[in-house]
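Have the viewer open as you read.

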Amino acid sequence: MAQRNTWQRERVRSALSDAPGFVSAQDLHAALRDENTGIGLATVYRALATLAASGEADQLQSPEGEAIYRACASTGHHHHLICRVCGKAVEIQADEVETWAKRTAAANGFTDAEHVVDIFGTCAECAARGATGSEARAD
Ligand SMILES: [Zn+2]
Ligand SMILES: [Zn+2]
Ligand SMILES: [Zn+2]
């Protein structure tokens, strides 16, 4: 029973690896639908949650509050620079942030502190095309 949907999860996993940056469940579902896989949106959500829980995918919140995912090259703790326009992501180490977070937590008597720091902006290619995050929104 637990193995029944393995091929679907594998398919979602490979679609996530093919994506150039962070994508939402809807984005992945649309890509899989184009390939006529017959995988439903609910299955994509479940597969992404499983991959995120097992550490095979990074999950974070877009500035719009949407959950977005990526199959990351690094498995250890790291941060991201994410383009708001095209979703491209760069994995970054942030030694200053690690030092600051540890010091700030300790100064306030906190132990086992964790932090989430990701930087959203417009990448160089999108900026060169004149695209910005706000123009990308249809309103
Ligand atoms: Zn990552
Ligand atoms: Zn971009
Ligand atoms: Zn960190």
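## Two domains in touch

Nine residues of domain 1 are in contact with eleven residues of domain 2, where a contact means that two C-beta atoms, placed from the backbone, lie within 7 Å. Domain 1 covers 1-72 and domain 2 covers 75-139, with bounds that come from an automatic or database domain assignment. Taken over C-alpha atoms, the centres of the two are separated by 21 Å.

A word on the model: it is predicted, so local features need pLDDT of at least 70 and side-chain atom pairs count only at pLDDT 80 or more, while totals for chains, interfaces and linings use all residues. Residues are numbered from 1 along each chain as its sequence is written, with chains lettered from A and ligands numbered from 1 in the order in which they are written.

## The chain as a whole

Six helices and six strands make up the secondary structure of the protein chain. These are DSSP runs numbered from the N terminus, with helices (H or I) needing at least four residues and strands (E) at least two. Along the sequence, the pattern reads α-β-α-α-β-β-β-β-α-β-α-α.

The C-alpha atoms fill a box of roughly 55 × 45 × 25 Å along the principal axes. Of the 139 residues, 19% count as buried. Here, buried means 20 or more other C-beta atoms within 10 Å of a residue's own, exposed means 12 or fewer, and partly exposed is in between, with C-beta atoms placed from the backbone.

## The nonpolar core

The largest nonpolar core has 19 residues. Such a core is a set of buried Ala, Val, Leu, Ile, Met, Phe, Trp, Tyr and Cys residues joined through C-beta atoms within 7 Å. Among those with the most contacts inside it are Val12, Leu16, Phe22 and Tyr69. H1 (6-18), H2 (25-34), H3 (41-53), E3 (67-70) and E4 (79-83) each supply at least two of its residues, and each domain gives at least three.

## How the helices cross

The axes of H2 and H3 come within 9 Å and cross at roughly 125°. Axes are lines fitted to C-alpha atoms, for helices over the stretch in contact, and angles run from 0 to 180 degrees between N-to-C directions. H2 and H3 are therefore oblique to each other; angles under 35 degrees count as roughly parallel, over 145 as roughly antiparallel, 65 to 115 as roughly perpendicular and the rest as oblique. In this pair, Ala25, Leu28, His29 and Leu32 of H2 meet Leu41, Val44, Tyr45 and Leu48 of H3.

H1 and H3 pack at about 75°, with axes 9 Å apart, which makes H1 roughly perpendicular to H3. On the H1 side, the contact uses Gln8, Arg9, Val12 and Arg13.

Ser24 sits in strand E1 (residues 23-24) and counts as partly exposed, with 18 C-beta neighbours inside 10 Å. Beyond four places in sequence, Ser24 is in contact with Glu66, Ala67 and Ile68.

Asn36, in the loop between H2 and H3, has a positive phi of about 55° although it is not a glycine. Asp112 lies in the loop between H4 (95-107) and E6 (118-121), and its phi is also positive, near 50°. Asn36 counts as exposed, with 7 C-beta neighbours inside 10 Å, and Asp112 counts as exposed with 5.
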